Amino acid sequence: MKSRRRPYSEQHPFDAGGGVWSVPVPIPGNPLGYTLVYAIESPAGPVLVDAGWNHPEAWLALREGLGAVGMDVREVRGVVVTHFHPDHAGLAGRVREESGAWIAMHEADAALVRLMHDLEESAHRDFQADMLRRAGAGAVEVEEATGHRPRPPAVPDLILQDGDLVDLPGRRLRTVWTPGHTPGHVCLHLEDADRLFTGDHVLPAITPHIGIYPYDRADVDPLGDFLDSLEKVKGLGELEALPAHEWIFQDTAARAAEIGVHHEEKLRRLTALLGEAQEPLTIWEVASRMTWNRPWEELPPMLRGMAAGEAAAHLRTLEVRGMIRRMAGADPVRFVLHS
Ligand SMILES: [Zn+2]
């Protein structure tokens, strides 16, 4: 696919029409480059969809970007966070401090944020190390991959559930719960304008990371949820997409269908991979045999950890569909094709 992604330096705040403004906010040191924060006008002050990464440079870009389109960050009425990840929720707390805005988030992500606030840094490291070991990572990889975590985002003031209308006077902005990328990811449907703020759920050229943490969890199926959430968005019809990264595009339904096909292909390749193996494989072994954007040997520890999360999510979906099973009592956990 032809990439239309341009670096942050070439991004500018702009009027996206219909009372919606797009403000790019940099993600320093990240290849994704920037988050697109959207500001929706209202007589009671603008409402933001996402806020950007918590970094002085990003804060400056948000404040000045809003200023450039005639808005004052001190007048922001509220911040709807599509999901708890730091490039979306990071600055929400800062905006609240400045303006007294409310922060709204889906209950499933709000629960994770509360958990992050309660968990000690040392407990977080132990949790990560144990999770990597149970997935079959080597001792050195466990050591290298357990890093510091970013500061948890602000605890929200308002909880959103599927179908809730956001407090945006004069407009109809409806919460569409789209779990998958995170358990509480939401898209926001501007019903009076046939537009959908898609967060990370549906992006024009890339697909969001779908992982499972800890890797060996057997009580959730994030990829299955994600595929269902793609169907849900398809059901809303042909809407204009205002995503949190890359660029605005037409027809969310068509792109959601494409992303679904991408994952079904990946699931087929994974089934073949397990079929070819002569023995049950650990999550780490599966991940190391899958195709990534560079050879496994060249992936840095952090990206290996994410690759393993992605592998685990696909394995779990195959397990739920009855295509594969996990060996009873194996530690690290091992998967084999259902005979
Ligand atoms: Zn994200």
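Biologist: Which residues of strand 3 are buried on one side, and which on the other?

Modeller: The general idea is that side chains in a regular strand alternate between the two faces of the sheet. In strand 3, Tyr34, Leu36, Tyr38 and Ile40 are on one side, Thr35, Val37 and Ala39 are on the other, and all are buried, so both faces are covered. "Buried" means that 20 or more other C-beta atoms lie within 10 Å of a residue's own; 12 or fewer means exposed, anything in between is partly exposed, and C-beta atoms are placed from the backbone. Since seven of the seven residues of strand 3 (34–40) are buried, the strand is largely enclosed by the rest of the structure.

Before we go on: this is a predicted model, where local features need pLDDT of at least 70 and side-chain atom pairs count only at pLDDT 80 or more, while totals for chains, interfaces and linings use all residues. Residues are numbered from 1 along each chain as its sequence is written.

Biologist: How many helices and strands does the chain have?

Modeller: It comes to 10 helices and 14 strands. Both are DSSP runs numbered from the N terminus: helices are H or I with at least four residues, strands are E with at least two.

Biologist: Which strands pair with strand 3, and in what sense?

Modeller: Strands of a sheet pair through backbone hydrogen bonds, either parallel or antiparallel. Two strands count as paired if DSSP finds at least two bridges between them. Here, strand 2 (20–26) runs antiparallel to strand 3, with seven bridges joining them. Valine 23, for example, has valine 37 in strand 3 as its bridge partner. Strand 4 also pairs with strand 3 in the antiparallel sense, over three bridges, and tyrosine 38 is partnered there by valine 49. Strands 3 and 4 make a hairpin with six residues between them, and glycine 45 in the turn has a positive phi of about 105 degrees.

Biologist: Why is aspartate 50 called buried, and why is aspartate 194 called partly exposed?

Modeller: Just count. Aspartate 50 is buried because 27 other C-beta atoms lie within 10 Å. Aspartate 194 is partly exposed because its count within 10 Å is 13.

Biologist: What is the strand order in the open sheet of four strands?

Modeller: The order is 8-9-10-11, with mixed pairing. Strand 8 (173–177) and strand 11 are the edges, as each pairs on one side only. From one strand to the next, the twist averages 25 degrees. Strand 8 runs antiparallel to strand 9 (186–190), with five bridges joining them, and valine 176 stands opposite cysteine 187 in strand 9.

Biologist: How do the axes of helix 8 and helix 10 cross?

Modeller: Two packed helices are described by the angle between their axes and the distance between the axes. The axes of helix 8 (252–276) and helix 10 (301–320) come within 10 Å and cross at roughly 80 degrees. Such axes are lines fitted to C-alpha atoms, for helices over the stretch in contact, with angles from 0 to 180 degrees between N-to-C directions. These two helices are therefore roughly perpendicular; the cut-offs are 65 to 115 degrees for that, under 35 for roughly parallel, over 145 for roughly antiparallel, and oblique for the rest.

Biologist: Which residues meet there?

Modeller: Lys266, Leu267, Leu270 and Thr271 in helix 8 meet His314, Leu315, Thr317 and Leu318 in helix 10. Being in contact means that two C-beta atoms, placed from the backbone, lie within 7 Å.

Biologist: Where are the cis peptide bonds from tyrosine 213 and aspartate 331?

Modeller: One runs from tyrosine 213 to proline 214, with omega near -10 degrees; proline 214 lies in the loop between strand 10 (195–199) and helix 7. Aspartate 331 and proline 332 are joined by a cis bond with omega about 0 degrees, and proline 332 sits in the loop between strand 13 (324–326) and strand 14 (334–337).
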